[in-house]
Amino acid sequence: MAEVLFFLTAIATLGGAVGVIALRNPFYSVLALVVHLISLAMLFLLLRAEFVAAAQVIVYAGAVMVLYVFVVSYVGGSEEPIGVGPSRGFRVASVAFGGALFLVLAIAILGSGLKAIDSQGAPYVSGFGSPGAIGKLLLTDFLLPFEVASFLLLVAAVGAVTLARRRGGLETPGELATYSALDFLRPAGTGTMAEGVGGRRRLPAATPESGTEDARA
Amino acid sequence: MNIAWFLTVSALIFCVGAGGVMTRRNPLVVLLCLELMLNAANLALIAFSRMHGNHDGQIFAIVVMVVAACEVTVGLGVIVAMYRRRVPIDVDELRELQG
């Protein structure tokens, strides 16, 4: 039973991986990666890593892939033109590179001195890979890596917002001509964050009436 | 199933990802191929964790997932910034750091 399940999921995993690099439309590549990730989570389950499998499905197939889908739809998912890709020689060279890499890794697996590599692994103890066991390790032995990882996530979130933010404020004339109700309601001498970075031109912080005249003028 | 089978699948996924990084020109797909390679490493880590009956490999895999999520966030931010500046979305055209 485990063998059948292993080969089915391994074929799905490899099929998804090949689909990622073979499909021309980036949107389909993302969907192939979702297939790959979900079948990889099943492989994790076969290895008794229950918490990692659940995290894989939730974090990767759930959150990260949604981010990818949004960006692909935003950027437009430009298909690569058929004729303009890398030259044929380069394509053959990269396939040969991949084959050679696999050869090296296969030699490493076959020739390794690890005895247990040809076994089913260590005897299963109840609770192996459960969220409780992982959580206990994360909060005791691996507390520092855990905290560093959370800090890294914070830095990445701030960095992504900084990179992808809209520079130069609202530049289209249509947007410059519109006023929101907040422009007139807010106290004199205050500003928005967009103005703070020099993005958006603003009413002279005076009475609301002068602002409306500017808008009509 | 023997652990060696899982390691073989992991090696195959890694090679597919490495080949994809070399052939594809769309940075979005290059990021996807990087994900493939990271996931192959994760599979090997978890296979070894099962082999030793030790949880440390699974913790490593979780940390790798965190780093991959960060890499994706920043990479996609760069791609959106490129799109805003009308830079061609093509890794062969992007040879300069200068904006």
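Helix H4 (residues 88–110) of chain A packs against helix H1 (residues 3–23) of chain B at an angle of about 155°, with the axes 9 Å apart. H4(A) is therefore roughly antiparallel to H1(B) (an angle over 145 degrees). This is a predicted model, where local features need pLDDT of at least 70 and side-chain atom pairs count only at pLDDT 80 or more, while totals for chains, interfaces and linings use all residues. Residues are numbered from 1 along each chain, chains are lettered from A, and side-chain values use heavy atoms, without hydrogens and water.

**The helix pair**
- H4(A) passes H1(B) in a right-handed crossing.
- Contact means heavy atoms within 4.5 Å.
- On H4(A), the contact residues include A:Phe90, A:Phe97 and A:Leu101.
- On H1(B), they include B:Leu7, B:Ala11 and B:Met22.
- The contact residues divide into 14 nonpolar, 5 polar and 1 charged.

**B:Ser10**
- B:Ser10 lies in helix H1 of chain B.
- B:Ser10 counts as buried because its relative accessibility is 7% (buried means under 20%, with a 1.4 Å probe and protein chains only).
- Not counting residues up to four places away in sequence, B:Ser10 touches B:Ala40, B:Leu43 and B:Ala44.

**The largest nonpolar core**
- A nonpolar core joins buried Ala, Val, Leu, Ile, Met, Phe, Trp, Tyr and Cys residues through side-chain atoms within 4.5 Å.
- The largest one has 63 residues, and A:Phe44 and B:Leu43 are among those touching the most other members.
- H2(B) gives the largest share of this core, 12 residues.
- Leaving aside neighbours within four places in sequence, A:Phe44 contacts residues including A:Val52, B:Leu43 and B:Ile46.

Key:
Axes are lines fitted to C-alpha atoms, for helices over the stretch in contact, and angles run from 0 to 180 degrees between N-to-C directions. Helices (H or I, at least four residues) and strands (E, at least two) are DSSP runs, numbered from the N terminus. Angles under 35 degrees count as roughly parallel, over 145 as roughly antiparallel, 65 to 115 as roughly perpendicular and the rest as oblique. A crossing is left-handed if the near helix is turned anticlockwise from the far one by less than a right angle, and right-handed if clockwise. Ala, Val, Leu, Ile, Met, Phe, Trp, Tyr, Cys and Pro count as nonpolar, Asp, Glu, Lys and Arg as charged, and the others, Gly among them, as polar. Buried means under 20% relative accessible area, exposed over 50%, partly exposed in between (1.4 Å probe, protein chains only).
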